[in-house]
Amino acid sequence: MTSDDPRPPPRRGFFGALGPNELKGLFWQVLVVGIAVAVIAFLWSNTVTNLSARRITTGFSFLGREAGMPIADSLLAYNPRDSYLWAFVVGVANTLRVAVIGVVLATILGTLIGISRLSANWLLSRLAAVYVEVLRDIPLLLQLLFWYVLMQALPAARAAWRPVEGVFLSNRGLILPAIPLGSTQLWVLGTAVLGCAAFLVIQRWLVAQQMRDGKPRPAWPFALGLIVVLPAAVSLSLGVSWKIEWPELRGFNFVGGLTLAPEYFALLIALVTYTSAFIAEIVRSGIQSVPRGQWDAASALGLRRSFMLRQIILPQALRVIVPPMTSQYLNLTKNSSLAVAIGYQDVVSVANTTLNQTGQAIEAISLIMAVFLTISLGISFFMNWFNARIALSER
Amino acid sequence: MTAITDMPDLPRPARRPQIGNPVLRWLRTNLFSSIPNGILSVVLLAVLAKGVISFVQWGIANAVWLTPANDSSACKAVRGLGACWAIIPEKYRFILFGTYPFDEQWRPALSVVLFIALFYLSTRRALWRRELAYLWIGALALISVLMWGGVFGLPFVSQDRWGGLPVTLILATFGLAFGFPLGILVALGRRSKLPAIRSLSVVYVELIRGVPLVSLLFMASVMFPLFMPSGFNIDKLLRAQIAIILFAGAYLAEVIRGGLQAVPRGQYEAADALGLSYWRKHRLVVLPQAIRHVIPPLVNTFIAFFKDTSLVLIIGIFDLLTTAKTAIIDPAWQQFSVEVYIFVAAIYFAFCFAMSRYSRSLEATSAR
């Protein structure tokens, strides 16, 4: 060890304490941020000039004006004399209506098809594979237009198809029997939801007790009491009627029942079938990701099949399934914006009409973006929470 | 003395004796392994048979295949009973090439062939070399010459007249060709140690991925003119192309980021130890490995993109789906849109199915 040379002192950059690497980093950051700011400033100044040249005032004050656009199919009460703001709210409600129901139905259908693909029955698994392959490889917009054309080609109301008593399918859409929901009915349903929540808490407590002393405690009396008996008691004491309203053909249209307009129905079918093909693949790969040994070990312990599926297989499969499922839910919600192509008035369609009527392009498009970013973040938060709950808890 | 073992020397369980007709045996194991399975098979067979029979009746037996030019009376006679495939020979030139001048339509047709050849060559692993990039540049230049013309005695055709399949292929190919480098830059930015660059990349990716493509396309068609200095106008097709590139960049960035995360730390450290600069480290060491990891998901993103180009219908650009939708506005043929949609769906399906097959074969070879 002869080399006792003192190491050369680190070179000092212009900024004293900053080494050459930090200086380089700083340079790049300043450069990139500078370019970004310059581009935005350039676009902004152009926009301001262009808007003043076209005499368009920026700002959201137009939201208070009368919208004057018809919205045929809406969940909330609306008439064209209402303000643009209310039209937007109605549009958001329409988006959520198709997205929420679409997510639920696509999950159910996708899970069924995913399981079918793993069936021992050759015919069933082949059919499921064909379904997945065909639906995945055709653009959603094309499928949507196709369904919409089919809807329009359905017979008129007088000659409506009646697959089941009380269900009508015609060019007016799908008409189903319904139970009219008033405030009293909602009270009963609310009680049932609360009962479910209370039951989940009690069930957790029962499992905790069983962990302590090993004695199994039945949970079903609580389920029966909280989810069935309690709402039934509320219903009886309030005297709520649960009469089913059957649709009837009077003249040229239907009276009563629940009507799904052709636009809504086509959009729902297209979104559900398309997304279910992707969900089926996710479910299939999730189930296949559970090693065969887990099944064997569970049956070696003599567990019942339902218990095995619920407690051994599903928790492991869900870990693989949940993250990609989240992005499918987000995709379905974003894809619901294709509604504009067939004239179902979701938020994008309402914003588009607003834009054409008022010329407030920036405001209308930023409202669309705000709505979708909010929905996306909401779904992400919920799914991340759910994912964290089911994630592997390492010892 | 024979040793007493606790395991009696039983014969190994023989495989089930293979008796009977192999067809019957196959049927038993695959369709009728149990009673519920058998019932399910019978029901499915019945449904399938009914579906196939009614489709054959509609699509083949009762269908009209050819009619005299612009005469749909034969089709109207079988309406509801049989398909009117005659609309395809009647309209295919418009569906495939839009309003491109009729006598010059060999040019877009040749472009489509060039695109397909280019895609096919790019899937050959043996050709993954630098020369492939030059081939791409050359072929894309040739396609531009063919489509626009104006040189070599080809009459000039403005892009307002382009339409149909070439437009779909142009939007998808250029979207990916420019979106891919953008995606690499953004993915690197998202993993950068520099906070300003990282947050810019995160904002870009999350903003684009959080909103539907439709709203970006609206933005391109309505807001873009506001963004530009007055008097300066970019063609509608190019604006949509820019929106698609930005969209593709964000999604590809996330896929590539997944690949970057899969590269072991040691590779970065080894590259640093060799004294490579940031760019050389990524170009020579990290990115080749990262991209190799994510080729199957990349192909899946390409498929998604190819399908998503159809959304330009909403802002009125004449891609394949829009020309199909326009072709059936003709009052004589209005009622036969299902046939046209099936025809176009078959074209999209052919492209996407080929890509998904390719992705699956890649997965199989990389798993080996």
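This is a predicted model: local features need pLDDT of at least 70, side-chain atom pairs count only at pLDDT 80 or more; totals for chains, interfaces and linings use all residues.
Let's start with chain B as a whole. Its secondary structure consists of 15 helices and 0 strands. The radius of gyration of this chain is 28 Å, well over the 21 Å that the globule rule gives for 368 residues, so chain B is more spread out than a compact globule. Of the 368 residues in chain B, 31% are buried. Counting the contacts in chain B with a separation of 6 or more, you will find that 68% come from residues 24 or more positions apart.

Now turn to where the two chains touch. Here 43 residues of chain B are in contact with 45 residues of chain A. On the chain B side, the elements that give two or more residues are helix H2 (35-61), helix H8 (195-210), helix H9 (213-227), helix H14 (320-327) and helix H15 (337-367) of chain B. H15(B) gives the most to this side, with 10 residues. By class, the side of chain B that touches chain A holds 31 nonpolar, 10 polar and 2 charged residues.

B:Ala345 lies in helix H15 of chain B, and with neighbours within four places in sequence left aside, B:Ala345 is in contact with A:Ile138 and A:Leu142.

Three of them, in the order E1-E2-E5 (chain A), form an open sheet with antiparallel pairing. Strand E1 (168-170) and strand E5 (258-260) of chain A stand at the edges with a single partner strand each, so one side of each is left without a neighbour in the sheet. On average, and with direction ignored, neighbouring strands of this sheet are turned by 15 degrees against each other.

The pairings can be followed one at a time. A hairpin links E1(A) to E2(A) through 2 residues, and these strands pair in the antiparallel sense over 3 bridges. A:Phe168 stands opposite A:Ile175 in E2(A). Moving across the sheet, strand E2 (residues 173-176) of chain A is joined to E5(A) by 3 bridges, again running antiparallel. There, A:Leu176 has A:Leu258 in E5(A) as its bridge partner.

Our last stop is a helix pair. Helix H9 (residues 305-335) and helix H11 (residues 361-390) of chain A pack at an angle of about 175 degrees, with their axes 10 Å apart. H9(A) and H11(A) are therefore roughly antiparallel to each other. Among the residues that meet here are A:Leu318, A:Val322 and A:Tyr329 in H9(A), and A:Phe372, A:Ile379 and A:Phe386 in H11(A). Taken by class, the contact of H9(A) with H11(A) has 12 nonpolar, 5 polar and 2 charged residues. The charged residues on the list include A:Arg319 and A:Lys334, which belong to H9(A).

Note on methods
Residues are numbered from 1 along each chain as its sequence is written. Chains are lettered from A and ligands numbered from 1 in the order in which they are written. Helices (H or I, at least four residues) and strands (E, at least two) are DSSP runs, numbered from the N terminus. The radius of gyration is taken over C-alpha atoms; the globule rule is 2.2 Å times the number of residues to the power 0.38. A residue is buried if 20 or more other C-beta atoms lie within 10 Å of its own, exposed if 12 or fewer, and partly exposed in between; C-beta atoms are placed from the backbone. Two residues are in contact if their C-beta atoms, placed from the backbone, lie within 7 Å. Two strands pair if DSSP finds at least two bridges between them. Axes are lines fitted to C-alpha atoms, for helices over the stretch in contact, and angles run from 0 to 180 degrees between N-to-C directions. Angles under 35 degrees count as roughly parallel, over 145 as roughly antiparallel, 65 to 115 as roughly perpendicular and the rest as oblique.
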